[in-house]
Each structure stands twice: as structure tokens, then as C-alpha cells.
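Take a look at the model below. The paragraphs after it walk through a few of its features.

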Amino acid sequence: MNTVAAIEPAQASAQRLRERVFHGATFAAALLVLALLGGVAISLLVGAWPAFAHFKLGFLTREIWNPVTDQFGALAPVYG
């Protein structure tokens, strides 16, 4: 038995509108996620800037963490 379902033009138009709204909403949500991720990255860089300015790149390449001798390195926590 062959059955063909016909969609009325009004229903098809409403369906296309719903699909456009859904597409726009999901695209906006994806852009919001990317903007939030960028904001987190910028916030982390701003917060870490004093450590990078004082200890230079060695902060990321050394493992030692000794507050008594003022030697700090973040390799172990970053790698671990």
C-alpha cells in the first residue's frame, strides 16, 4: 500500500520558520560558547601575567616550587 503524505503550504511555511529560528538559536549558542571560552582564556592570561613578567618563560619550564628561596615553576602541575 502506497501512502503519500501531503503537507499544506501553510504548514510547510511554518515548519521552515521554525527551522530557521532553531538554526539561528543554535548558531547563537555556539558563538556564545566560543566567546565565553575566549573570555576565560583572556582572564587566565591577565591573572597569570604577573608571574610571567617576574619569572619569565622559566615559570613554565621548571619543576621546582620553593617559596623560601623564591623559586617557582609550574611544569609539574601543568604537566600532571
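Start at D70. This residue sits in the loop between β1 (65-66) and β2 (71-72). Strands here are DSSP runs of E with at least two residues, and helices are runs of H or I with at least four, numbered from the N terminus. D70 is not a glycine, yet its phi is positive, about 60°. D70 counts as partly exposed because its relative accessibility is 43%; that class lies between buried (under 20%) and exposed (over 50%), with a 1.4 Å probe and protein chains only.

This is a predicted model, so local features need pLDDT of at least 70, side-chain atom pairs count only at pLDDT 80 or more, and totals for chains, interfaces and linings use all residues. Residues are numbered from 1 along each chain as its sequence is written, and side-chain values use heavy atoms, without hydrogens and water.

Now turn to helix α1, residues 9-55. It has 47 residues and spans 68 Å from first C-alpha to last. That is close to the expected 69 Å, which is 1.5 Å times one less than the number of residues. A kink of about 45° falls at A48, shortly before the proline P50. The bend is the angle between axes fitted to the seven residues ending there and the seven starting there. Just after α1, K56 has a positive phi of about 60°.

How far can the model be trusted? The chain averages a pLDDT of 87, and 94% of the residues score at least 70. pLDDT is the predictor's confidence in each residue, from 0 to 100. Confidence is highest in α1, at 93, and lowest in helix α3 (residues 75-79), at a mean of 80.
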